[in-house]
Amino acid sequence: MKGYLGLDIGSISTKGVIIDEKKNILASSYLWTEGNPVQAVKKVLVELEEKIKDRKIKILGVGTTGSARKLIGTMLGACSIKNEITAHAIGTLSKYPTVKTILEIGGQDSKIILLEDGMVTDYAMNTLCAAGTGSFLSSQAKRLGIDVKDFGKIALSSKNPTSIAARCTVFAESDLVHKIQMGYEKKDIIAGLCYSVASNYLNNVAKGKKIKGPILFQGGVSKNIGVKKAFEDLLKTEVITDKNGHLMGALGSAILAKKNSKNEVFDFSLKDAIFETNGIECKGCENHCEVIVVKKDGKKIDAWGNRCEKGMIKI
Amino acid sequence: MRQILAFPQLGDYQYPIRRLLMDMTHLEVLEVPPITKKTIALGSKYSPDSVCIPFKYNLGNFIEALEKGANVLFQAGGGCRYRYYAEVQETILRDLGYDFTFVQIIGRDHLRFKELYHIFKGFNKNLTRKNFLKNLIFAFFYITYLDKIDEYIRHRVGFEVEKNSFLKLKKAFIQKCNKAKNIFSLTKIYYQYKKKCKKIKINKPKNCLKVGFIGELYTAMERYSNYNLEKTLASYHIEIKRFTNLTYLLWKKALFLPIMKRKVKKYCKYTLGADGMDNVYRVLWLKKHGYDGIIHTKPTGCTPEIGAIPILMRAAQEEKMPIIFFSFDEQSGMEGINTRLEAFYDLLTLKKEAQK
């Protein structure tokens with residue numbers, strides 16, 4: 001049986017899926033990146049191999065996406081290395097062909113993708129600020145002393161969400177502390193945070209975009225029912241979340257791998273190879289480009305980051 | 001003391017401008033070091049934080065030039081906040097303790113030849129009106145030819161068979177032009193290189209992707225400030241149309257303004273400052289000429305373009321033209337830009353495939 005592997009290596013979590021030729025998910029894995037994408041991918045590969053070992057599946061292509069797509073793609077010899085926007089759109093379209101809007105909030109970035117007739121027509125990503133992303137919510141959860149997984153449930157129990165200034169993560173935090181000291185109830189503050197994430201997203205990332213249904217809400221934050229409800233209240237329409245919502249990027253990159261497959265069988269033993277990355281500062285001029293060199297078992301396999309020929313590293 | 005002239009970088013225009021200053025003043029004109037991270041670090045350190053990015057690049061250029069021994073600085077101006085660059089930069093540099101002469105050549109929005117003549121006469125007593133005119137015409141032709149060659153290259157560079165063949169051609173072209181004695185030899189070089197340019201092997205499909213590059217002038221013309229956007233686009237095999245160049249800004253724009261005003265009546269009644277209205281016109285032009293998408297760049301905080309963006313968005317929406325906006329400042333990361341650009345490329349490719 002033929003299979004394709006898709007990996008989405010984000011800042012916070014790493015996702016992997018294996019699909020068959022009909023784009024059905026055969027196995028999936030989801031774990032924390034913990035600041036070490038190489039290690040995380042190795043763990044994902046171990047998990048995936050374990051899950052499919054009883055079935056005879058030949059992996060004929062690897063696709064990567066997410067912020068570490070280039071590094072991991074180089075290491076695994078991926079046949080598709082694609083940005084998150086395209087990967088998410090393709091993954092989502094395979095399950096929801098009529099979707100018109102994708103709201104995605106991840107660990108570090110958030111984006112909006114608008115589609116029409118199964119095609120991306122417009123998109124935007126947050127540019128300057130991380131306010132209203134997953135890492136903001138998880139750091140606030142820590143401050144309030146609760147597990148981020150319970151965030152949504154607690155938020156729903158509030159009848160009177162507190163308003164929190166969420167323009168900027170730093171100011172939101174000071175406003176939050178202020179509200180705690182004023183004596184607001186914890187659940188109201190939590191609900192307020194969920195609203196602030198949603199409204200911040202709509203005012204920044206989705207500014208000037210026409211949001212039409214069906215709307216899909218994805219990314220790690222979509223697991224938070226509090227934020228989902230906040231979106232529904234603010235947009236006054238239904239917002240769909242999928243139980244595999246966090247896997248859409250990986251699914252998209254697996255589909256892309258299928259499209260670009262070179263019919264070479266992927267070997268899981270690659271996970272045992274020793275990969276090393278070094279950052280070298282080019283001394284060619286005053287620009288001091290940081291060149292990243294990737295080594296596999298001590299041998300250089302790729303390098304990037306130079307802006308001109310002076311910083312080129314021979315492989 | 002020996003006078004050494006310097007002016008801020010602006011893409012490849014450093015060559016014609018340098019030549020012009022040398023011909024006019026017969027003084028040494030410094031080759032300002034190319035823009036690097038150091039330039040922008042210096043520039044940002046001494047600039048007001050909220051000023052637009054070209055100011056910081058220019059200031060960084062000036063500091064590096066002063067450190068290399070320049071003592072006469074040239075700055076232009078006009079259009080937008082660019083008007084204030086000269087005075088503010090002069091003040092900042094004086095506060096830093098540098099000793100220099102500061103010259104602003106486009107003081108009141110328009111290039112005034114009489115004023116220019118007197119400026120150069122101040123440096124070179126032997127400058128005659130005839131020579132002044134001759135040098136000016138030479139610069140005019142140099143810039144025009146440079147822009148024309150650039151346009152040919154932009155149509156082809158994404159499809160070159162041998163890597164960097166156009167880059168090499170342009171370098172050689174500039175080197176030859178720098179040595180040209182008069183307009184006639186310059187013209188000869190231009191036609192020679194135009195022919196060479198057309199002979200370079202390219203592998204261009206008939207319905208390749210075509211993208212229009214619009215926006216603010218500095219981020220359009222100075223490739224360091226737009227993170228080599230055109231090069232990245234070329235690596236995606238895209239044909240590029242860029243409107244902004246010196247030819248346009250110095251004389252074409254004035255000719256086109258009444259026509260543009262008429263054509264964009266639906267969207268704006270007045271000009272928006274700098275190239276704001278021009279960009280609205282360009283959206284309509286690109287649609288009419290079958291382009292696939294538009295890329296708009298500006299420095300963060302560029303007032304005329306910020307005013308233009310909502311109008312551009314509406315025009316693009318009505319014309320069904322995919323458009324993407326980039327705002328550059330010293331904090332922009334290469335990764336984020338490439339991710340967005342790649343997604344834009346995917347959007348255009350999928351759209352084109354669906355149209356077939």
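Which residues in α7(B) meet Leu186(B), Ile189(B), Tyr193(B), Lys196(B) and Cys197(B) in α8(B)? They are Leu169(B), Phe173(B), Lys176(B) and Cys177(B), where a contact means that two C-beta atoms, placed from the backbone, lie within 7 Å. Before we go on, a word about the model: it is predicted, so local features need pLDDT of at least 70 and side-chain atom pairs count only at pLDDT 80 or more, while totals for chains, interfaces and linings use all residues. Residues are numbered from 1 along each chain as its sequence is written, and chains are lettered from A and ligands numbered from 1 in the order in which they are written.

Let us stay with that helix pair. Helices here are DSSP runs of H or I with at least four residues, strands are runs of E with at least two, and both are numbered from the N terminus. Helix α7 (residues 165-179) of chain B packs against helix α8 (residues 183-199) of chain B at an angle of about 170°, with the axes 10 Å apart. Axes are lines fitted to C-alpha atoms, for helices over the stretch in contact, and angles run from 0 to 180 degrees between N-to-C directions. Because angles over 145 degrees count as roughly antiparallel, α7(B) is roughly antiparallel to α8(B). The contact is made of 7 nonpolar, no polar and 2 charged residues. In this scheme Ala, Val, Leu, Ile, Met, Phe, Trp, Tyr, Cys and Pro are nonpolar, Asp, Glu, Lys and Arg are charged, and the others, Gly among them, are polar.

Now step back to the whole of chain B. Its domain assignment, from an automatic or database source, gives domain 1 (4-127), domain 2 (129-204) and domain 3 (205-356). In chain B, 17 residues of domain 1 are in contact with 19 residues of domain 3. On the domain 1 side, α2 (37-46) and α3 (53-67) of chain B each supply at least two residues, and the largest share, 4 residues, comes from α3(B). That side divides into 10 nonpolar, 5 polar and 2 charged residues.

An open sheet of 5 strands runs in the order β3-β2-β1-β4-β5 (chain A), with mixed pairing; strands pair if DSSP finds at least two bridges between them. At the edges are β3 (25-32) and β5 (80-81) of chain A, each pairing on one side only. Strand β1 (residues 2-9) of chain A is antiparallel to strand β2 (residues 13-19) of chain A, joined by 6 bridges, and Leu7(A) stands opposite Gly16(A) in β2(A).

Two helices lie across these strands. Helix α2(A) lies across β1, β4 (58-65) and β5 of chain A, at about 155° to β4(A). Of the 8 residues in α2 (residues 69-76) of chain A, 7 are buried, meaning that 20 or more other C-beta atoms lie within 10 Å of their own. Among them are Leu71(A), Ile72(A) and Met75(A). Just after α2(A), Gly77(A) has a positive phi of about 60°.

Finally, the two chains meet: the contact takes 16 residues from chain B and 16 residues from chain A. On the chain B side, α2 and α14 (334-355) of chain B give two or more residues, with α14(B) giving the largest share, 9 residues. This side of chain B holds 6 nonpolar, 4 polar and 6 charged residues.

Definitions and conventions: A residue is buried if 20 or more other C-beta atoms lie within 10 Å of its own, exposed if 12 or fewer, and partly exposed in between; C-beta atoms are placed from the backbone. Angles under 35 degrees count as roughly parallel, over 145 as roughly antiparallel, 65 to 115 as roughly perpendicular and the rest as oblique.
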